[in-house]
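Try each task before you read its solution.

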Amino acid sequence: MSAGAGEPRGASVGSVLVPITLEIRSGHQSITEHFSWNVFEQSITMHDLAENLVTDHRLPQSLVAPITASIYAQVERFLEQNTLCLPNYPCIHRLNLEVRLCDVLLRDQLDWDISDETNSAEAYAMQLCREMGITVPHFAEALAEALREQIYRARLSPLGATLLRQKNPLPLRTEEVSRRYPSVEVLPPEAVERLDAVAQRERRLQGRAGANPCVVGDA
C-alpha cells in the first residue's frame with residue numbers, strides 16, 4: 001500500500017501501525033496472535049508473515065491464505081474507519097485498561113495526550129511491566145495493543161466520552177492520581193478457566209453474528 005489518500009492525517013509517513021488480532025484454529029489447537037502491521041511495510045509481505053506464523057505454530061499450509069486475507073481485511077477496515085484528524089493542542093483522554101494473559105490480570109487507568117505523536121504505547125507497556133514485575137512472555141505486547149486500540153478510538157472521537165480535558169490541562173487532584181495506580185492480580189486456576197470459557201463463548205457468538213472476521217481455521 002502506498003502513502004497518500006489512505007494515510008491517516010497526523011501520522012508520519014513510513015509508520016502507520018494497525019492493531020491486528022488473529023484467532024487461529026486448527027483441529028483442537030487454538031492460537032491468538034496480537035501484533036501491529038505497518039501500512040507502509042516494505043521488508044515483508046502479509047503473505048510472508050502468514051507463512052511465518054504457520055511455520056512457527058506448525059499449522060497446516062492451507063491456513064496461509066485465510067490468515068493473509070484476515071490481515072488484509074483488518075488493515076483495509078482500519079484505513080476506512082480511521083481517517084484521523086488530530087487536535088493541534090493537548091487533548092487528554094482518560095483510558096482504562098484491563099489485560100489478561102495466562103493467569104495474570106492487569107488493570108490500569110492513565111491519562112493520555114492523543115495529540116502527542118511522540119507518546120509510545122510500546123514504551124509505556126514495557127516500562128509498566130518492568131515496574132509491576134510482570135514477566136509473562138508477550139504480556140507487554142498484549143498491553144501495548146490494548147492501549148493502542150483505545151488510543152485509536154479516542155482519536156476517532158477527540159471530544160468523546162473519554163475526554164478528560166483539552167487545551168489548558170489542569171493539575172490532577174490527589175484522589176484522581178491515586179485512582180490511576182495500576183494493579184496486578186494472579187488469578188487462581190478456576191478463575192482462569194471461567195474467563196477462558198467466557199471468552200470462547202463470546203467468540204462463538206461473534207462468529208454466529210458474522211462480526212469476527214479475524215477468526216481463521218480449518219476446524
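Buried means under 20% relative accessible area, exposed means over 50%, and partly exposed lies in between (1.4 Å probe, protein chains only). The model is predicted: local features need pLDDT of at least 70, side-chain atom pairs count only at pLDDT 80 or more, and totals for chains, interfaces and linings use all residues. Residues are numbered from 1 along each chain as its sequence is written, and side-chain values use heavy atoms, with hydrogens and water left out.

**Exercise 1. Describe the chain as a whole.**

Start with the elements. Helices (H or I, at least four residues) and strands (E, at least two) are DSSP runs, numbered from the N terminus. The chain holds six helices and seven strands. Their order along the sequence is β-β-α-α-β-β-α-α-β-α-β-α-β.

Next, burial. The chain has 219 residues, and 37% of them count as buried.

Last, contacts, meaning heavy atoms within 4.5 Å. Take those between residues at least 6 apart in sequence: 66% join residues at least 24 apart.

**Exercise 2. Find which side of helix α2 is buried.**

First, the length. Helix α2 covers residues 64-81, 18 residues in total. From first C-alpha to last it reaches 26 Å, close to the 26 Å expected at 1.5 Å a residue. The expected span is 1.5 Å times one less than the number of residues.

Then list the buried positions. They are Val64, Ile67, Thr68, Ser70, Ile71, Gln74, Val75, Phe78 and Leu79. These residues lie on the same side of α2 because they cover an arc of only 165° around the axis. The arc is taken from the directions from the helix axis to the C-beta atoms. Ala65 and Glu80, on the other side of α2, are exposed.

**Exercise 3. Work out how α1 and α2 pack.**

Begin with the geometry. Helix α1 (residues 46-56) packs with α2 at an angle of about 130°, and their axes are 8 Å apart. Axes are lines fitted to C-alpha atoms, for helices over the stretch in contact, and angles run from 0 to 180 degrees between N-to-C directions.

Now classify. Under 35 degrees is roughly parallel, over 145 roughly antiparallel, 65 to 115 roughly perpendicular, and the rest oblique. The two helices, α1 and α2, are therefore oblique to each other.

Finally, the residues. From α1, Met46, His47, Leu49, Ala50, Glu51, Leu53 and Val54 take part. They meet Val64, Ile67, Thr68, Ile71, Tyr72 and Val75 in α2.
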